[in-house]
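Dear colleague,

Please find below the structure that I am handing over to you.

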Amino acid sequence: MATDPMAEIRASFFIECEELLESLQDALSDMDEGNYDNETINVVFRAVHSIKGGAGAFGLDALVGFAHRYETVLDELRSGRLELTPEAMKLFFHAADLLGDHVRAARDAGPVPPGSEECLVELEKLIGGGAGPAAEEEVTDFQPMGLSFDFGGALDEDLAPEEAASELPVWTVVMRPSAALYASGNEPLHLLRALAALGEASVLCIEDSPADLDALDPEAVTLHWQITLTGDITEADIREVFDFVEDVCQIDITEGAAGLPDLAPALSSAPTLAALPDSAPEDTGFGFFEDLPAPAPAPSAASAPEPSAPPAPDSAEAPESAAAVSAVIAPAAAAASSKEHAEASATVRVDLDRIDRLVNLVGELVINQAMLAQSVAEAGLPPNSAVMTGLEAFMMLTRDIQDSVMMIRAQPVKPLFQRMARIVREASHAVGKEVRLRTEGDKTVIERLADPLTHMIRNAVDHGLETPDTRAAAGKPTEGVITLSAQHRSGRVVIEVSDDGAGINRPKVRDIAIAKGLVAPDAQLSDAEIDNLLFLPGFSTADKVSALSGRGVGMDVVRSSIQSLGGRISISSEPGKGTRFSISLPLTLAVLDGMVVSVAGETLVVPLSSILETATLSSEDIRALGPETNVIHVRGAFVPLYDLGAELGYRCPRANYEGGIVLLTAQENGARSALIVDAILEQRQVVIKGLQRSYGHIPGVAAATILGDGQIALILDPADLVQNASGRTRGPNLALAG
Amino acid sequence: MADHSSNTSELELLSFRLAEEEYSVDIMSVREIRGWTRATPLPHAPAYVRGVINLRGTVLPVVDLSVRLGMAPVEGDARNVIIVVQVGSQTAGLLVDAVSDILALPRNELQAPPELAADTAHSFIEALTIVDGRMIRVLDLGAVLPDEASEAA
């Protein structure tokens, strides 16, 4: 009795729910941007539907009830009876959020989330209400995760693919198997499947002789099929399918759709096997639908089917074929949407610990390979020897393995960003502003970012963006935009939250800081220094304390939580244009490309991504700035100069840097700085080994690494180094940045 | 009860030399003993932090015990050793002149250090004992390790 199998299934249901909720949010976002088609709506519908189906199997009544009513409204949208207005869109988002709450409530056996009934009532108003518990019993029809019939949604839109595919050739294949075909053990179903695999197939089964049970010869062939194939297919492709049955099956292949005249007699003589879709006139045939969840009473065919004929045909193979064909067509139709196809790629769930172990091992492998390379180099083997070529191949393989492992380890930022989308919706609703969230990039992040990000997003909605009226007065669109982006830069993850609001009101910030005694009344502050005041504890600019923020626990909390992750946060703002917060985090465990340099006898690694260029100093480039500081002149710009040896305490600043080598580095905010080193040794990949746990944070140092000779080298964080250095060498600066 | 067991239980100490003086640590906190390797110095680190070394793929901070106790730095040559100790979740290396002995003695032979003048080394010494006429100092590892480490310990 180690594990309860039901509990496991239940757990995997909730994991699937999370995935479905994610695709639901994705599709809703697409719809919100006006970038959607029927398939997008189907994704939304399917997600809600699958959650409902699974929940039904586990008897999660509250979840089923909510999902069902949500789904009912979505179904109206899907069928085109409901127009997608911005208000409806908001309700859909809100309902999706609540659905997530319901799932979590069901998982943790928590209380039913508040507000769901109100939301449902609002939703049902869209479709004129009353759709409520009408078809509750249908729930029992669903198999958990039963996706197969969901494709019925795709089939419903028969018209759409038809229009889209109108330029593709259409083939009509009439297949008349002889008795010999069955006698030889062939099976029409396989042929139909093979045809359906070629393109979009519509299959019509036609009974040749009226059913006369008395005269029935069980071995006689009474059925033939008419297949309409659409797709990039040649006649040869079709012929190939019938390669082995040519002599026992009559095949007529004609280009173009079979016309109605052809169809009508066939229909009149054929007792129909299944319902005819609404769109019959354009259809050259019809599929055999299983019952769809939304009961669509089949309209009678043009010429009524003979009532006496039983739905099941008399040939033994037929029912099986009929049922199976619809299953075959369904995937084929669904495959028309490549998006759908991509989502279906197989995945494996692996414990994160195992991957971390693998990542660690790969890190060791990289170090070992470097050691091996060094000893081979020291052995003085000729460069074209077998050992050297083998080593090169080894290095490439190591790099590939490492890249692949890192890709496995990467935690996409998407779920986190989606959570933020919800925060924006709730926050903007609370303060009555119109806000749109744009997200960019899909990178790895640290889970613990959620709290600081939530805070920053709320801040942006509450303080950053103006009210719609103010925006209109300033000539901006009333809808504010908050952008959330994730990028890899300088071996770090940079996450930016920016808004297009009014920017930081610097005089006001300054006044408040003075009023609160945070700065001296006569202090001369630069714009950047004023911006940084926001990070001081106990600072809040909001005139009124709103429900969202403005309680004085603001950006200082954000900053300390970012710093506890080993990250930095910076702020930039332009009046009238907006504010941008940028969080930069170290990649906790990774490999980076670095430039190995030597300074005062020590070996250091500078992340390659932060280096713009390297140069040799000449005395005319160096200009004195203050008594202890220099700048260098690089192509028309002055860049502050730092002696790495002196900054790290290895040596005293030199009198003359003539002939020294400088690394020109760039920070996240674009500021450049020049670092003096003694020599550049090589460029290589290094494994990042954290210092935080064994020693603690060292200013200017991001981490350590182990070189080929087994020695530890420090990996610099140029931005942090410069930030700390500038505080020391430029006199009475306000010590805010520390 | 607690007193009784602590009085009779045996204690094993690893003793080592620092500038002709004998010190020791509880052998249960010693992970391994390594030969001298050059440590990579850390910027902005206190003087007693000699730097970091590579201990089979992990970064290990090394404390120059001699400096920590207010004496001249250990020179750092092939005769010196690094004692790798673990206190709580923290691991660190102690650079000493040489390891001398392993001593087993009952706990009740340990004496608390007398309250003496404000000597740097004083606060790092947990107990004293006499073995074969030599005075052995037992170090308080938690106090010796760098701040971050002792906080975590």
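**Findings in the model**

Strand S1 (residues 170-177) of chain A pairs with strand S3 (residues 223-230) of chain A in the antiparallel sense, over six bridges. Please note that this is a predicted model. Within that pairing, Met175(A) stands opposite Trp225(A) in S3(A). S1(A) also pairs with strand S4 (residues 249-255) of chain A, again in the antiparallel sense, over seven bridges. Here Val173(A) stands opposite Ile253(A) in S4(A). S1(A) is mostly covered, with six of its eight residues buried.

**Chain A as a whole**

The secondary structure of chain A comes to 23 helices and 20 strands. Of the 738 residues in chain A, 36% are buried.

Helix H2 (residues 38-57) of chain A has 20 residues. The distance from its first C-alpha to its last is 28 Å, close to the 28 Å expected at 1.5 Å a residue. Because 17 of its 20 residues are buried, H2(A) is largely enclosed by the rest of the structure. Gly59(A), which follows H2(A), has a positive phi, near 70°.

Helix H16 (residues 414-431) of chain A has 18 residues, which should span 26 Å at 1.5 Å a residue. The end C-alpha atoms of H16(A) are 26 Å apart, in agreement with that value. Its buried residues are Leu416(A), Phe417(A), Met420(A), Ala421(A), Ile423(A), Val424(A), Ala427(A) and Ser428(A). Seen down the axis of H16(A), these buried residues fall within an arc of 170°, and therefore line one face of the helix. H16(A) is followed by Gly432(A), whose phi is positive, near 70°.

Helix H4 (residues 86-107) of chain A contains Leu98(A). Leu98(A) counts as buried because it has 22 C-beta neighbours inside 10 Å, where the cut-off is 20 or more. Leaving aside neighbours within four places in sequence, Leu98(A) is in contact with Phe66(A), Pro113(A), Gly115(A), Ser116(A) and Cys119(A). The C-alpha atoms of Leu98(A) and Leu120(A), which are 22 residues apart along the chain, are separated by 9.9 Å.

**Where chains A and B meet**

Which elements give two or more residues to the side of chain A that touches chain B? In total, 21 residues of chain A are in contact with 15 residues of chain B. The elements in question are helix H14 (352-379), strand S19 (701-706) and strand S20 (712-716) of chain A. By class, this side of chain A has 12 nonpolar, six polar and three charged residues.

The largest nonpolar core has 77 residues. Those with the most contacts inside it are Ala704(A), Ile715(A) and Leu716(A), together with Val52(B), Val63(B) and Leu94(B).

**Two residues of chain B**

Not counting residues up to four places away in sequence, Val63(B) touches several residues, including Tyr48(B), Val49(B), Arg50(B), Ala92(B), Leu94(B), Val144(B) and Pro146(B).

Gln90(B) lies in strand S7 (residues 90-96) of chain B. With 21 C-beta neighbours inside 10 Å, Gln90(B) counts as buried. The C-alpha atoms of Gln90(B) and Pro61(B), 29 residues apart along the chain, are separated by 9.9 Å.

With kind regards

How values were computed. Residues numbered from 1 in each chain as written. Chains lettered and ligands numbered in written order. Predicted model: local features only at pLDDT ≥ 70, side-chain atom pairs only at ≥ 80, totals over all residues. Contact = placed C-beta atoms within 7 Å. Helix = DSSP H or I, 4+ residues; strand = E, 2+ residues; numbered from the N terminus. Nonpolar A, V, L, I, M, F, W, Y, C, P; charged D, E, K, R; others polar. Core = buried A, V, L, I, M, F, W, Y, C linked by C-beta atoms within 7 Å. Buried ≥ 20, exposed ≤ 12 C-beta atoms within 10 Å, placed from the backbone. Expected span 1.5 Å × (residues − 1). Arc of directions from axis to C-beta. Pairing = 2+ DSSP bridges.
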